[in-house]
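Me: Hi! I'm new to this one, could you walk me through it?
Reply: Happy to, let's look at it together.

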Amino acid sequence: MPNPGKTATFPVFAPHSPYAHSIASLSDGVLWVCLFILLIVIGLVGYSVRRFRERPGAPQPELIYGNWKLEVGYTAAFIVILGTIMYFSIRSMYASDPETIKPDNLSIVAHQWWWEVHYPGTGIVTANEIHIPVDVPQHVALRSADVIHDFWVPELGRKMDIIPGTVNQTWFSADTPGRYYGACAEYCGKEHAWMRIRVIAQTPSDFAQWEEAQRALPGAPSNGIALQGAEYFQELSCASCHTIRGTAARGDIGPDLTHVGSRETLAAGRLQNTPDNLVTWLEEPDLIKPGSRMPNLHLTRDQRDALTAYLEGLQ
Ligand code: CUA
């Protein structure tokens, strides 16, 4: 099913990767087994209520003490039922675990409250948006810069905790081009709710095009205002927290902004990435995302507009 970019109502039941399929089919299998048992229990209760109810003149039903046929029967039935569930579980475990540990395609660092995404060996660093080619398993190393977070994109696989001081591994892949939404799934402070993930699965050729554009340095500012913005970026304190490859900006506190203009959202999904929203974010970060480390620099209107023109031009 094509996924145009809308989250399914129950994304855990709308799997789009072999990993998520295995979990969903385990859940379905166990559900059918439970339904089968439920129907038997309801049937037996219904039968007993009708068959042995009190009637005028009817004698007391005979009490039974032990029935080896019945006991052997239900013990065998339990073995069959548990065996069936075990079969589904083992099948799901095999489908969920990669056959071999491969080098990481992706290295993700969770921060309060955004995601830093490295593509090892390419120099590409993005934030909050993870572009991947379809049908290619992504082996992911997960690290935390501060507290415990949890990576979860329900349509693509299960949750994975991210613990400070250790590296956790997971993997996922997507079977259809489209957008898959996720979020931090471990309460990590004030703006935990705005720590959104969007995985953008692309055809191999679209992904190659994206990768090539991201590897390249951004073009020079295209007009006077943007050029002024580039200067403000270095003069004000922006450059001490953010990196823009090809410039003197080498900060590593906030997201890498080398190609920020090509991203779909700002502040980990809090705002759509439009010039108006970027102006708002620069003016009122505390109002948009209280507690975020993005400071209010009390920019003048000129500074704010020039920075917006510059940053939105970083395609
Ligand atoms: Cu990070 Cu919740």
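What follows is a short chat about the overall build and a few single residues.

Me: What kind of model is this?
Reply: This is a predicted model.

Me: Good to know. How many helices and strands are there in the protein?
Reply: The protein has 8 helices along with 12 strands.

Me: And is it compact or spread out?
Reply: It is more spread out than a compact globule, because its radius of gyration is 28 Å, well over the 20 Å that the globule rule gives for 315 residues. Along the principal axes, the C-alpha atoms fill a box of roughly 100 × 45 × 40 Å.

Me: Which domains is the protein divided into?
Reply: There is domain 1 (18-96), then domain 2 (106-203), then domain 3 (224-312). The contact between domain 1 and domain 2 takes 7 residues from domain 1 and 9 residues from domain 2. Taken over C-alpha atoms, the centres of domain 1 and domain 2 are separated by 40 Å.

Me: What share of the residues counts as buried?
Reply: Of the 315 residues, 41% count as buried. The protein exposes about 17,900 Å², and carbon and sulfur atoms supply 62% of that area.

Me: New topic: where does Phe10 lie?
Reply: Phe10 sits in the segment before helix 1 (18-51).

Me: Is Phe10 buried or exposed?
Reply: Phe10 counts as exposed, because its relative accessibility is 55% and the cut-off for exposed is over 50%. Phe10 and Pro154 are 144 residues apart in sequence, and their C-alpha atoms are 8.8 Å apart in space.

Me: Which residues does the cis peptide bond join?
Reply: That bond joins Gln112 and Trp113, with omega at about 0°. Trp113 is in the loop between strand 1 (106-111) and strand 2 (114-119).

Me: What about Asn128, what is its phi?
Reply: Phi of Asn128 is near 70°, which is a positive value in a residue other than glycine. Asn128 belongs to the loop between strand 3 (124-127) and strand 4 (129-133).

Me: And is Asn128 buried or exposed?
Reply: Asn128 is buried, since its relative accessible area is 9% and buried means under 20%.

Me: Last one: where does His298 lie?
Reply: His298 is in the loop between helix 7 (285-288) and helix 8 (301-312). His298 is not a glycine, yet it has a positive phi of about 50°. With a relative accessible area of 64%, His298 is exposed.

Note on methods:
Residues numbered from 1 in each chain as written. Predicted model: local features only at pLDDT ≥ 70, side-chain atom pairs only at ≥ 80, totals over all residues. Heavy atoms only, no water. Helix = DSSP H or I, 4+ residues; strand = E, 2+ residues; numbered from the N terminus. Rg over C-alpha atoms; globule rule 2.2 N^0.38 Å. Buried < 20%, exposed > 50% of the residue type's maximum accessible area, 1.4 Å probe, protein only. Areas by Shrake-Rupley, 256 points an atom, 1.4 Å probe, with all protein chains shown as cover. Domains from an automatic or database assignment. Contact = heavy atoms within 4.5 Å.
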